[in-house]
Amino acid sequence: KADPRKPVPPEYRDMFHPHLAVHEIEAWIFAVPQVLNEWLGATIKPFPNPETINTQHPPAKLLEELTRLHKQSKVPKKRIMAQRLFAKISSQEAYVNEIYSKCKHFKAFVDDLRQTARR
């Protein structure tokens, strides 16, 4: 497995911690069904592993389609929708913990931040 830190100058490699949100960060919204269902005004089936939502039908597109299907109002722009939903999610530690438990890439990111903060 190639080291993603290789292009980084050697003296900075220990400070460089690359992480990717698999597909799109909107996948994390699908880890918190309470917030998603409240947003939609409908109950949709849970997503046990949101980070595996298909790249051909990415999370932001799915969120937009579900919003269009279930909400009676105009669909907000992707950025506005994500801001509103992430504001609700970040307001509750339990919601963040739910993302942490269902999304392995998010978990790796948070664990790395915690480890880095301890140094």
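Predicted model: local features only at pLDDT ≥ 70, side-chain atom pairs only at ≥ 80, totals over all residues.
Numbering runs from 1 along each chain as its sequence is written. Local features need pLDDT of at least 70, side-chain atom pairs count only at pLDDT 80 or more, totals for chains, interfaces and linings use all residues, and side-chain values use heavy atoms, with hydrogens and water left out.

**Core.** Select F30, I89 and I99. These have the most contacts inside the largest nonpolar core, which has 27 residues (buried Ala, Val, Leu, Ile, Met, Phe, Trp, Tyr and Cys joined through side-chain atoms within 4.5 Å; buried means under 20% relative accessible area, 1.4 Å probe, protein chains only). Now show α3 (78–90). α3 gives the most to this core, five residues (helices are DSSP runs of H or I, at least four residues, numbered from the N terminus).

**F30.** Zoom in on F30, buried at 1% relative accessible area. Its contacts (heavy atoms within 4.5 Å) include F47, P50, I53 and L62, not counting residues up to four places away in sequence.

**α1 and α2.** Select L36, W39 and L40 in α1; they meet L63, L66, T67 and H70 in α2. That contact has five nonpolar residues, two polar and no charged.

**Aromatic pairs.** Select W28 and F106. Their rings are edge-to-face, 4.8 Å centre to centre, with 65° between the planes (pairs need ring centres within 6.5 Å, the six-membered ring for Trp; edge-to-face means planes over 60 degrees apart). W28 lies before α1 and F106 in α5, so the pair ties together parts 78 residues apart in sequence. Finish on F30 and F47: centres 4.8 Å apart, planes at 70°, so again edge-to-face.

Notes
Buried < 20%, exposed > 50% of the residue type's maximum accessible area, 1.4 Å probe, protein only. Helix = DSSP H or I, 4+ residues; strand = E, 2+ residues; numbered from the N terminus. Nonpolar A, V, L, I, M, F, W, Y, C, P; charged D, E, K, R; others polar. Phe/Tyr/Trp six-rings, centres within 6.5 Å; stacked < 30°, edge-to-face > 60°.
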